[in-house]
Amino acid sequence: MGKKKQKIVLPPELPPETPDEAVEVSDEDVAFVAENREYTGFLSNLDTKSINKHVTRVADVKEDDLESLYEKRIRKRSLDKEAEEQGLEVDPVDALPVKTLDGKLYYRTVPKATQKSESEDKDEANANKDSGTDASVVRLTKAEKRAKLKKMRKEAKKQAKEGAEVEGIEKIPQAKVLDEVRKDMTAEEDNEKKKFRLAELGTALLTDPELNIKSLKEMLEISKDGDRDIVVLALKSLLAVFRDIIPGYCIRLPTEKEQEMKVSKAIKKMRFYESTLLSAYKAYIQKLIAVEKQAVYKRVAVRCICTLLEAVPHFNFRESLLAAVIRNISSEDDVSRKLCCSTVKSLFTNEGKHGGEATVEAVQMIADLVKDHDCQLHPDSIEVFMSLTFDEDLGKREIRDADNKFKSKNSKRKNLKELKESAANEKKKARKEMMSQTREEVTAELKAASLTTDVTERRRMQSDVLSAVFQTFFRVLKHALRPRSEAGSSPQAPGSHPLLAPCLNGIGKFCQLIDLDFMSDLMNYLRKLAGSGNNSGDSSMDGSACLTVSERLQCCIAAFKVMRNNLDALNVDLQDFFVQLYNLIIEYRPGRDKGEILAEALKIMLCDDRQHDMQRAAAFIKRLATFSLCFGSAESLAALVTVKHLLQKNVKCRNLLENDAGGGSVSGAIAKYQPYATDPNLSGALASVLWDLNLLSKHYHPAVSTAASNISMLSTGDSQVYQSNKSPTQAFKELSLEQESFIVKSDPKSSSTKRKKGIASLEHISMGSDLDFTAQIDENDVRKKLSEHYLLRHDIAENERVRGELVRTTLSLKLHEQYKKQKKRRTK
């Protein structure tokens, strides 16, 4: 038998070489070696060369044999790979082949399972047998094994950390995106669920409010959501529900004694329903008042408050709603202010819903608001007083009712006497008594059921409203008369009295209800306000308030309205107001002041069935004719209508239409016309001539020219009667509306004739002159100058356009930044 081949056993792979610095040695090992040096002395006598040789090489094998052994192992590995690539089999799942366009069949194949481990072991055993080597190999020492294990653990930890970091980097963005998507999806789903829930609760409450009254609390909880759309929808849903289920009476909760009493189930159910409704309604009003302070929900909250107050002014917590409405009656937001003003006006006009109590409360709150803000509010806050209505016959009706009661009592006494005398009519007497008792009971029940209050109660409420209204009006007048030193350090500019115009309108409307004891003071106030602008340059009146022309004209109008409505009780001289009107005609400016106020002043003070002094009438005629030359067509036509009316009433003033400049026997004591006189009685207008009408007859507007020509055709005959169909206010309104679409028509023939006349005169002057003046003009120079001019204008327009675009873009960028900030705040 031949020699058995020794099996070559290769040593295990060595760990990678590491420097001595990287090897970690614990303190315990160092201490142990230091203590037991007797046992570690053999380490210094080790043969490191032989150890290295046995570790790096195969034991008892020459170098040539080692090379051949390595070559065999490499060949074996390559053969195994080729066998694995060639060993393919058909997949039993996908056994059907695929046929291509060429007609070839392709089968889906997978590699066969190879038994590497077994073949490698067999090959290694055979190789060892062939080589005839021993199975014994050189093993590593304990220290080397420990270092190898430590190194392997460190590498495993490092690989685990790197893998975790890579996985974390990959998973973090995906997790964030998924979380955001989930949050968005859940928020949208929650919003949809809440919307459907609000719809379900609202329909259930509208169908059966007594059974589903507890659903109001759930709706209130939904209104506390953070999403704006959900809050707005919840507030509107609650508004619709409360408008429908609120009863037509004010709820009174039972007292403690009433709660201790035994009642039926129906009464318990009704008490529970009313208490739950009242608590939910109170919470809803508190929510609206809290939300109204936020700019995002302000309009929605104000609309809900106004709608509730207008729909159910008789119900509980009316004071809270009314306070919120009055607080926003002078708001800077036009939508909120108009809503509140319309709500207050509806309260004033529809007193049947609340019996007049809400009107008294609203007027008193407005008066307090004006006092707190020192009359610096929007004009709409006082203009709502114009919707108030007062019954002037309350006292007369009370007297009539007392007389009727006295007569009915006397008639009853007479009937009783007749019945006592006649004993045969006892049955009729009993029947009549029954009828009277039933009538009294029916009338008492009707009074209790109806919302109409008693006459005395109505009189009391009306007196309270009047006192609050006129207190506000007089406070505004005093504020307008306040000197600048008292008003503040900064001087008051004209137009700094926003409440004066509606205050004067209110005084003119309700002046018949003012007590006569205050009439003299009121007229003095109006006289001072009408003349407040004349003495502004004087040192003595330097601290007085300065009003605009329109405000001073309104003071004159209010004084004439007060005088006309209380003509029997007042004896006041209005000469000062005529003087003010005479001076204000010159101070009027069409773009700055209001033409309709001037037309109304002319109508009330000069045209409304009033006889004027001849000197005064002539002064106004002359000044209005001159005024018509200077200003717009609407104001000119109103002035001419007033001139025609004055000439029709004062026949002697028609001498102004004649050509006699001296005025003749009608001129009076003043022989010369003084156009700059402040008093119309001292102007001497009868000594002048209306030459202004000749110029006005050639006015560009046909209405003004025809009116001037019609006035100039009037004669001095006393037998002629003229009637003016239009008032100054009507003429101003009609012409102001027509003026928007009016186009001035020019006659080309007349313009061409005028040009010819002008050219002829120029030629005549040039021919008569000694200088040789050439009338020829170079067309190229004219074109050049015109082109430069229009290029400059184009550049200016383009510059303005670019500046406008720049302003708009900057505004849009600012809005975008604000939107981003708000979005960040919402996300936080």
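This is a predicted model: local features need pLDDT of at least 70, side-chain atom pairs count only at pLDDT 80 or more; totals for chains, interfaces and linings use all residues.
Residues are numbered from 1 along each chain as its sequence is written, and side-chain values use heavy atoms, with hydrogens and water left out.

The chain contains 30 helices and four strands; helices (H or I, at least four residues) and strands (E, at least two) are DSSP runs numbered from the N terminus. Of its 828 residues, 31% are buried, where buried means under 20% relative accessible area, exposed means over 50%, and partly exposed lies in between (1.4 Å probe, protein chains only). The chain exposes about 56,000 Å², and carbon and sulfur atoms supply 53% of this area; accessible areas come from the Shrake-Rupley method with a 1.4 Å probe, and for residues only the protein chains shown count as cover. Among contacts with a separation of 6 or more, 75% are between residues 24 or more positions apart, a contact being heavy atoms within 4.5 Å.

Helix α10 (residues 298–311) has 14 residues and reaches 20 Å from its first C-alpha to its last, close to the 20 Å expected at 1.5 Å a residue. The expected span of a helix is 1.5 Å times one less than its number of residues. In α10, the residues Val-300, Ala-301, Val-302, Cys-304, Ile-305, Cys-306, Leu-308 and Leu-309 are buried. The buried residues of this helix pack against α7 (228–245), α9 (265–292), α11 (318–327) and α12 (334–349). Arg-299, also located in α10, is partly exposed because its relative accessibility is 47%. Apart from neighbours within four places in sequence, Arg-299 contacts Asp-333, Val-335 and Ser-336. The C-alpha atoms of Arg-299 and Arg-337 are 9.9 Å apart in space, while the two residues are separated by 38 residues in sequence.

Helix α25 (residues 633–649) has 17 residues, which should span 24 Å at 1.5 Å a residue; its end C-alpha atoms are 25 Å apart, in agreement with that value. Because 15 of the 17 residues of α25 are buried, this helix is largely enclosed by the rest of the structure.

Lys-622 is found in helix α24 (residues 614–630). This lysine counts as buried because its relative accessibility is 3%. The side chain of Lys-622 reaches the backbone oxygen of Val-689 at 2.9 Å. When neighbours within four places in sequence are left aside, Lys-622 is in contact with Tyr-673, Ala-685, Ser-688, Val-689, Leu-690, Trp-691 and Asp-692.

The count of salt bridges comes to 25, a salt bridge being a side-chain nitrogen of Lys or Arg within 4 Å of a carboxyl oxygen of Asp or Glu. One of these joins the side chains of Glu-200 and Arg-197 (3.3 Å, N to O). Both residues lie in helix α5 (residues 142–207), three residues apart, about one turn of the helix. Arg-197, Glu-200 and Glu-218 are linked in a network of salt bridges. Glu-200 is partly exposed at 47% relative accessibility, and Arg-197 is partly exposed at 33%.

A further salt bridge joins the side chains of Arg-482 and Asp-374 (3.1 Å, N to O). Arg-482 lies in the loop between α17 (455–481) and α18 (484–487), and Asp-374 in the loop between α13 (357–372) and α14 (380–383), so the pair ties together parts that are 108 residues apart in sequence. Arg-482 has a relative accessible area of 21% and is therefore partly exposed; Asp-374 is partly exposed with a value of 33%. The side chains of Glu-734 and Lys-726 also meet in a salt bridge (2.9 Å, N to O). Glu-734 is partly exposed at 36% relative accessibility, and Lys-726 is partly exposed with a relative accessible area of 40%.

On the surface, Val-23, Val-25 and Val-30 form a nonpolar patch with about 240 Å² of accessible area together. Patches are made of residues with over 30% relative accessible area and no salt bridge, with like charges joined within 9 Å and nonpolar side chains (Val, Leu, Ile, Met, Phe, Trp, Tyr) within 5 Å. Val-23 lies in the segment before α1 (27–35) and is partly exposed, with a relative accessible area of 35%.

Note on methods: A polar contact is a pair of N or O atoms within 3.5 Å; within protein, one must be able to donate a hydrogen and the other to accept it, and residues adjacent in sequence count only if both atoms are side-chain atoms.
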